[in-house]
Amino acid sequence: MDASDIRSDLSDVLYTADEIQQRLDDMAAQIERDYDGRELLLVGVLNGALMVMADLSRTLTRHCEMDWMAISSYGSGTQSSGVVRILKDLNTDLAGRHVLVVEDIVDTGLTLAYLIQNLKSRNPASLEVMAMFRKPDALNSPVTVKYVGFDLPNEFVVGYGLDYAGRYRNLRDVGTLSPHVYS
């Protein structure tokens with residue numbers, strides 16, 4: 001689905017599918033340089049990171065392993081509930097592994113801070129974070145994201161894995177959701 005298919009649902013298109021893919025290509029090249037000679041385990045955070053993880057893994061020109069976690073701090077609303085829950089844990093032992101957490105967005109940082117603490121307790125050799133999007137003005141938990149695709153305004157955005165009430169994840173572009181959709 002493209003932004004043109006749902007024009008009335010979006011206030012603004014922030015990034016097109018082509019811009020997203022170009023930035024992802026650049027980040028994948030940097031990740032390959034940084035992990036040269038080391039086996040890489042990508043840990044995707046469901047459901048939002050599905051698109052990012054699929055595209056990142058296909059952009060890499062090297063082998064990598066993948067595993068998934070599902071963590072939630074949102075309900076069906078537009079703001080974090082403040083409660084972090086693990087809905088699906090990893091199947092892979094992280095001890096001694098080089099782990100790259102793949103996120104769709106870092107908003108408040110609450111969920112990511114919890115995730116980093118949880119994963120560090122599993123003794124990986126290294127642990128870094130890649131996020132396709134970040135909202136620096138919404139951040140209220142100290143988290144370090146090594147690879148950032150784009151910074152976003154502190155507005156409710158959808159597309160490229162980002163959803164509102166389970167919808168809009170399949171939008172190839174990223175845009176600001178019109179208030180009439182969620183008010």
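**Reading burial, pairing and overall form**

Me: Which exposed residues does the face of α1 turned away from its buried side carry?

Reply: In this predicted model, Asp18 and Arg33 are the exposed residues carried by the face of α1 that is turned away from its buried side. The general idea is that an α-helix has 3.6 residues a turn, so residues three or four places apart point the same way.

Me: Which residues of α1 are buried?

Reply: The buried residues in α1 are Ile20, Leu24, Met27, Ala28 and Ile31. They lie on the same side of α1 because the arc they cover around the axis is only 110 degrees. As for the helix itself, α1 takes in residues 17-34, 18 residues in total, and its first and last C-alpha atoms are 26 Å apart, close to the 26 Å expected at 1.5 Å a residue.

Me: What covers the buried residues of α2?

Reply: Helix α2 spans residues 50-59, and in it Val52, Met53, Asp55, Leu56 and Ser57 are buried. The cover over these buried residues includes helix α1 together with the strands β2 (40-46), β3 (65-72), β5 (98-106) and β6.

Me: In what order do the 3 strands of the open sheet stand?

Reply: As a general idea, strands of a sheet pair through backbone hydrogen bonds, either parallel or antiparallel. In this model the 3 strands of the open sheet follow the order β1-β9-β8, with antiparallel pairing. Since β1 (10-15) and β8 (157-158) are at the edges and each has a single partner strand, one side of each is left without a neighbour in the sheet.

Me: How many bridges join β8 to β9?

Reply: The antiparallel strands β8 and β9, the latter made of residues 174-177, are joined by 2 bridges, and Val158 has Gly175 in β9 as its bridge partner.

Me: Which way do β6 and β7 run, parallel or antiparallel?

Reply: Strand β6 (residues 126-134) and β7 run parallel, with 4 bridges joining them; within β7, Phe150 is the residue that stands opposite Phe133. In general, the side chains of a regular strand alternate between the two faces of the sheet.

Me: Is Ile6 buried or exposed?

Reply: The cut-off to keep in mind is that buried means under 20% relative accessible area, and Ile6 counts as buried because its relative accessibility is 12%. Ile6 is found in the segment before β1, and, once its neighbours within four places in sequence are left aside, Ile6 is in contact with Met1, Tyr168 and Leu171. Ile6 and Gly175 are 169 residues apart along the chain, while their C-alpha atoms are separated by 11 Å.

Me: How many helices and strands does the secondary structure of the chain come to?

Reply: The chain has 4 helices and 9 strands, and from the N terminus on its elements run β-α-β-α-β-β-β-α-β-β-β-β-α. The radius of gyration is 16 Å, close to the 16 Å that the globule rule gives for 183 residues, so the chain is as compact as a globular protein of that length. Along its principal axes, the C-alpha trace spans about 50 × 35 × 25 Å.

Me: Of the 183 residues of the chain, what share count as buried?

Reply: The buried share is 47% of the 183 residues. The accessible surface of the chain comes to about 8900 Å², with 45% of it belonging to carbon and sulfur atoms. Where contacts between residues at least 6 apart in sequence are considered, 66% join residues at least 24 apart.

Technical notes. Residues numbered from 1 in each chain as written. Predicted model: local features only at pLDDT ≥ 70, side-chain atom pairs only at ≥ 80, totals over all residues. Heavy atoms only, no water. Pairing = 2+ DSSP bridges. Expected span 1.5 Å × (residues − 1). Buried < 20%, exposed > 50% of the residue type's maximum accessible area, 1.4 Å probe, protein only. Arc of directions from axis to C-beta. Contact = heavy atoms within 4.5 Å. Rg over C-alpha atoms; globule rule 2.2 N^0.38 Å. Areas by Shrake-Rupley, 256 points an atom, 1.4 Å probe, with all protein chains shown as cover.
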